[in-house]
2 protein chains.
Amino acid sequence: MRILLTNDDGIYAPGLRALHAELCQLGEVLVVAPATEQSAAGHSVTIYSPLLVQEVLDPSKGFQGWAVEGRPADCVKLALRQILPWKPDLVVSGINSGSNAGINVLYSGTVGAAIEGAFFQMPSIACSMEMPGNEPANFALGARLALQVIKDILGKKPDPGDLFNVNVPDLCRGPIKGVRVVPQNTASYVEWFDKRVDPRGRVYYWIGPDFTCPEPHPDTDVTALAEQWITVTPLQFNLTRFPALEIMNDWNWENTTGQLATESVR
Amino acid sequence: MRILLTNDDGIYAPGLRALHAELCQLGEVLVVAPATEQSAAGHSVTIYSPLLVQEVLDPSKGFQGWAVEGRPADCVKLALRQILPWKPDLVVSGINSGSNAGINVLYSGTVGAAIEGAFFQMPSIACSMEMPGNEPANFALGARLALQVIKDILGKKPDPGDLFNVNVPDLCRGPIKGVRVVPQNTASYVEWFDKRVDPRGRVYYWIGPDFTCPEPHPDTDVTALAEQWITVTPLQFNLTRFPALEIMNDWNWENTTGQLATESVR
């Protein structure tokens, strides 16, 4: 089995190294990952600057892969179109430092990279782990658990383009209850900004590091994680709100159609 | 009616100015938009650098809004949490220079900003227009058509958080046929990279400017745009692939659960 591994914390992140060690049990793993941290990069891609690529060795001087001065999704695109010597059987992204659940799925570079893998019709899995508040994170254990989930998914022979979002809860909070398959929470988060003034009198804001989801929907990734389950959410990248499509097909677009005949031929 | 207007081409983009002029017919419009072009920013947000904010005047020296040195989604977040003197009734993003259809919806900063508006439970509309190959784009007409679509949508009294993606076809290609409500195309694009070597011998890649969708699914945003329809796609930000959820709930997570009792309590 051939695996492309990427992430959004950067190629030197401990989470990537831990997951790399685990994935090697499944076959050949090559890494194409951002040279620098790209948290909250979402599915952004780089179109106005060049993507510098450098080979990277692992701590024992073995060849590990390529660092790209770009976004997580750039890495997957470049890996699959240009860099990799083979077409992978699986794209894995992570393991991310911090969970990617609820609407954070949309901000996540980890998930963005996995979606890009799905664009290429690869089975793609985003893996993230919740960070403990005050202790160092146990990436080795998080990656070991993620590997078991990946094995379970692979055992079901995913179709090309099947996309999964896996989250491991904070391992310092206590033992894990098991695996739950849950939908993405869509409830709003509350975040805050710190307003400051620079020495030249210009106003700027920092987004605060802590954000909360005060009213998460029950039986979703956010609540299951908080209850110490490993969560697995099958994802899709068709954003169409299909129930509305049906209804809107019956709308009379009178403002628009009334203008069109005269306007658009000018 | 109070409207927040943003975009991903930057606050000085002609598409934003054109749409601003049209939206003023509906009520009070304030702009909070990126200081610089942020195309392909997707739903990325800025967490590791400060968001500088400066007031911007329109060409007639009237107050237009605020330029933010950040991403489109940052602008919406900052506008709704900090900057705007009122809670808007509508968030509009655009009109973008270039269509945002198919899987490009995921890369689009224009759409990312509108999704952020929907996170705040605002009706949110992303507006984009296809660019002509060799002629200057008629942003004034594109914005006029977008306004008509926005009026039609508002006439149906959208719910809080209702999210729409509007695309105007290339207006130089001929007259418009009307409005079609269509799903997002999910077929793959073909793109290419230009490999180069810098004066220091380092390899880098530019992503090519042209990409094609050789096999678009029929009756989608991509095909309808090509047939000269204005397209409207209702969007959602719940990425859960619900049909798979049902099936996966019956899976036996044996690899993972077998390990959990012993692993996670270490």
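**Notes on a predicted two-chain model**

1. Let's start with one residue: Ala226(A) is partly exposed, because 16 other C-beta atoms lie within 10 Å. (Buried takes 20 or more other C-beta atoms within 10 Å of the residue's own, exposed means 12 or fewer, and partly exposed is in between, with C-beta atoms placed from the backbone.) Ala226(A) belongs to helix α6, residues 221-226 of chain A.

2. Some housekeeping before you read on. This is a predicted model, where local features need pLDDT of at least 70 and side-chain atom pairs count only at pLDDT 80 or more, while totals for chains, interfaces and linings use all residues. Residues are numbered from 1 along each chain as its sequence is written, with chains lettered from A and ligands numbered from 1 in the order in which they are written.

3. Now the overall picture of chain A. You'll find 8 helices and 11 strands (DSSP runs numbered from the N terminus: H or I of at least four residues for helices, E of at least two for strands). The C-alpha trace spans about 70 × 55 × 45 Å along its principal axes. Of its 266 residues, 53% count as buried. Take the contacts with a separation of 6 or more: 75% of them link residues 24 or more positions apart (a contact means C-beta atoms, placed from the backbone, within 7 Å).

4. How does chain B relate to chain A?

5. Is helix α1 of chain A enclosed or open? It is largely enclosed by the rest of the structure, because 7 of its 10 residues (14-23) are buried. Among them are Leu16(A), His20(A) and Glu22(A). The buried residues of α1(A) pack against strands β1, β2, β5 and β6 and helix α5 of chain A.

6. In chain B, look at α1 and α5 together. Their axes come within 8 Å and cross at roughly 45 degrees (axes are lines fitted to C-alpha atoms over the stretch in contact, with angles from 0 to 180 degrees between N-to-C directions). The two helices are therefore oblique: under 35 degrees would be roughly parallel, over 145 roughly antiparallel, 65 to 115 roughly perpendicular, and the rest is oblique. Residues making this contact include Leu19(B) of α1(B) and Phe139(B) of α5(B).

7. Finally, some backbone points to check. Most residues other than glycine have a negative phi, and most peptide bonds are trans. The bond from Gly94(A) to Ile95(A) is cis, with omega near 0 degrees, and Ile95(A) sits in strand β5. In chain B, the bond from Gly94(B) to Ile95(B) is cis as well. Ala40(B) has a positive phi, near 65 degrees, and lies in the loop between β2 and β3 of chain B. Gln121(B) has a positive phi of about 65 degrees in the loop between α4 and β6 of chain B. Buried or exposed? Ala40(B) counts as buried, with 23 C-beta neighbours inside 10 Å, whereas Gln121(B), with 12, counts as exposed.

How values were computed. Contact = placed C-beta atoms within 7 Å.
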